[in-house]
Amino acid sequence: MSVAGEYKRLIFKRFSFSLSLIFLLILLTLISLGLGSYRISVSELLFEIFNGNPILWNVRIPRIVSAIVVGASLGVTGAVTQCVLRNPLATPFTIGVAQGAAFGAAVAIVFLGAGQMHRVGESLTIFNPYIVPIFAFAGSLISVFVVLTLAKLRDLSPEAIILAGVAMSALFQAGVMLIQYFATDVQVASIVFWTFGDVGRTKWIEIEVITLAFIFCFVYFFYRRWDYNSLLTGDETAISLGVNPKKVRLEGMLISALLTAICVSFTGIIGFVCLVAPHFVRLIIGGDYRFLIPTSSLVGACLLLAADTIGRNVISPIIIPVGIITSIVGAPMFIYLLLRGKHVRG
Amino acid sequence: MLEANFSFSYRNFEVLKDIVFRLEEGEMLFVLGPNGSGKTTMLKCLNRILKPKGSILIEKINLNNLKLEEIAKLFGYVPQRGEVSFLTVFDAILLGRRPYIKWEVGEEDVKIVEEVIKLFKLEKLALRKLNELSGGELQLVLLARAFAQQPRYLLLDEPTNNLDVKNQIEVMRIVKKAVKEKNVSAIVTVHDLNLALNYAEKILVLKDGKIHTFGSVEALNEDVIREVYGINVEILKYNGRRIIVPEI
């Protein structure tokens, strides 16, 4: 077979992988819809959905849709960040999105009284739900803009962005600890509770906001797919291929960080999906961003949905926040990357 | 025709001063000089990876007035070291078509890449990932990508790095063929002076960021080498070819 023929077969394989991920996501959605304290068999699902079953429509479907869009958002932003920062361990959290959000949430909970809680069974709920996400989002934004402004002084090099990100993360973390030190027990518990990433706390309107943001960002990322491939060759070669690496890096970082900030503001901190999803894809179909962008989204969605379904069912009726499950899954991935020992970008 | 007249400073330190030369279409220029003399910087100024003071004109059009994408159609660049990634060899060479791709690659782009892969005999590696290649294989991929760009000027920064002697000859043969048959001009930096004697039509010798000698390859003689590199050499003739033998 000719080289072009073999290449077309490879492209077909990549398409097939993407399609199989879509089927996997549909399958996981069906399983997740059925599982829970109140079990619904697959054969009854359709009937229950059209009959307006309140458990499905008020609890499970929003939760599942939230897991899908947040997972997809985190997966794709991880892929883009790893490319633009030329670092296999980079995620939007590298530039302090999570710590900034936690600081914002802590300020809202402690200083604006959003931290009064009541107990519902075993779970804790935060009152004034919109103050917290707004402050969390503002905290993320501050971190992102400070990091990118500082990095701009150093020509927006990936190293400068990462170093500025580490510094800002440490600063915000110290801020959270300081607030916690002077806060009441209830407020400290509220801050800790907020940081547990949980897709169950999003309402439809919030899911709509995340979905819209995801669609906008995904279209932008996909439009830039050739530029991301070019960046893998190094900044100088990318310029020689007609790409402006600083512009692509700045926009990529900014848009990734904003999308992640929106997700984190509504759901809390969900780690590792950004890191794991793109690496999983690279191992199977390689680092071509034409496929990495959509498939990282799909893998991210599958991972978060699977993790949330496990979290809901493993010691039911207690729900383990999905952020904890993803971290447990993410740790072995880190160790695997460490053992693999090859430093490749994208 | 390429007409260069520029200088380049990095944070108040003048790396290149008064680089003035002309290159006709279908010519092969070798840039020589000791380590740190500014060879790589000069190549990077030519396709505006770096932004020099002065002008670089292609057919009287100043590169300052062109977009990066348009410059990328004129210059194919091969860096000294290539970055590895999870891209396949085919995907990496396909990137050479980046300046021409509007939304997605067409049949024509795939055909051009296939031809280049055959030219560099990379068929067996086409679907391998870059992080699985040896240094020499990666070097061939970088060259192939620059050829897939179908540029009018090839900027090759030590293109024979990491290559065994057979591949060195093969690569220079391919470059020379492109120069002769496709009217491409090549600007090549090398450390191997004998390689320059064998393949260059013109030479440009840099010393401390300034042009020491510019002219036909015959201008490379014992005196120039002594003044620029600070060593004594003997130039022998063998089968009609000149060979530089350094004094040890």
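Helices, at least four residues long, and strands, at least two, are DSSP runs numbered from the N terminus. Counted that way, chain B comes to eight helices and 12 strands, while chain A has 14 helices and two strands. Please keep in mind that this is a predicted model.

**Chain A as a whole**

- Chain A has a radius of gyration of 21 Å, which agrees with the value near 20 Å that a compact globule of 346 residues would have.
- Along the principal axes, the C-alpha atoms of chain A fill a box of roughly 65 × 55 × 35 Å.
- Buried residues account for 56% of the 346 residues in chain A.
- If you look at contacts in chain A between residues at least 6 apart in sequence, 76% of them join residues at least 24 apart.
- Chain A has an accessible surface of about 14,800 Å², and carbon and sulfur atoms hold 73% of that area.

**Chain B as a whole**

- For the 248 residues of chain B, a compact globule would have a radius of gyration near 18 Å, and the chain agrees with this at 18 Å.
- The box filled by the C-alpha atoms of chain B is roughly 55 × 45 × 35 Å, taken along the principal axes.
- In chain B, 54% of the 248 residues are buried.
- Among contacts in chain B with a separation of 6 or more, 65% involve residues 24 or more positions apart.

**Nonpolar cores**

- In soluble globular proteins, nonpolar side chains tend to be buried together.
- The largest nonpolar core here has 163 residues, and Tyr228(A), Phe30(B) and Ile93(B) touch the most other members.
- Helix H3 of chain A, residues 54-84, gives the most to this core, with 13 residues.
- A second, separate core has 29 residues, including Met42(B), Leu46(B), Ile56(B) and Ile58(B).
- Leaving out residues up to four places away in sequence, Phe30(B) touches a set of residues that includes Met172(B), Val188(B), Leu195(B), Tyr199(B) and Ile203(B).

**Residues with positive phi**

- Phe272(A) is not a glycine, yet its phi is positive, at about 75°.
- You will find Phe272(A) in the loop between helix H11 (245-267) and helix H12 (273-285) of chain A, and its relative accessible area of 23% makes it partly exposed.
- Asn12(B), also a residue other than glycine, has a positive phi near 70°.
- Asn12(B) sits in the loop between strand E1 (2-10) and strand E2 (13-23) of chain B, where it is exposed, with a relative accessible area of 82%.

- Arg97(B) is in the loop between helix H3 (89-94) and helix H4 (107-119) of chain B.
- Arg97(B) counts as buried because its relative accessibility is 5%, and buried means under 20%.
- Beyond its neighbours within four places in sequence, Arg97(B) is in contact with Asp109(B), Ile112(B), Val113(B), Ala148(B), Gln149(B) and Gln150(B).
- Phe12(A) belongs to helix H1 of chain A, residues 3-34, and counts as exposed at 59% relative accessibility.
- Between Phe12(A) and Leu304(A) there are 27 Å in space, C-alpha to C-alpha, and they are 292 residues apart in sequence.

Key
Residues numbered from 1 in each chain as written. Chains lettered and ligands numbered in written order. Predicted model: local features only at pLDDT ≥ 70, side-chain atom pairs only at ≥ 80, totals over all residues. Heavy atoms only, no water. Buried < 20%, exposed > 50% of the residue type's maximum accessible area, 1.4 Å probe, protein only. Rg over C-alpha atoms; globule rule 2.2 N^0.38 Å. Contact = heavy atoms within 4.5 Å. Core = buried A, V, L, I, M, F, W, Y, C linked by side-chain atoms within 4.5 Å. Areas by Shrake-Rupley, 256 points an atom, 1.4 Å probe, with all protein chains shown as cover.
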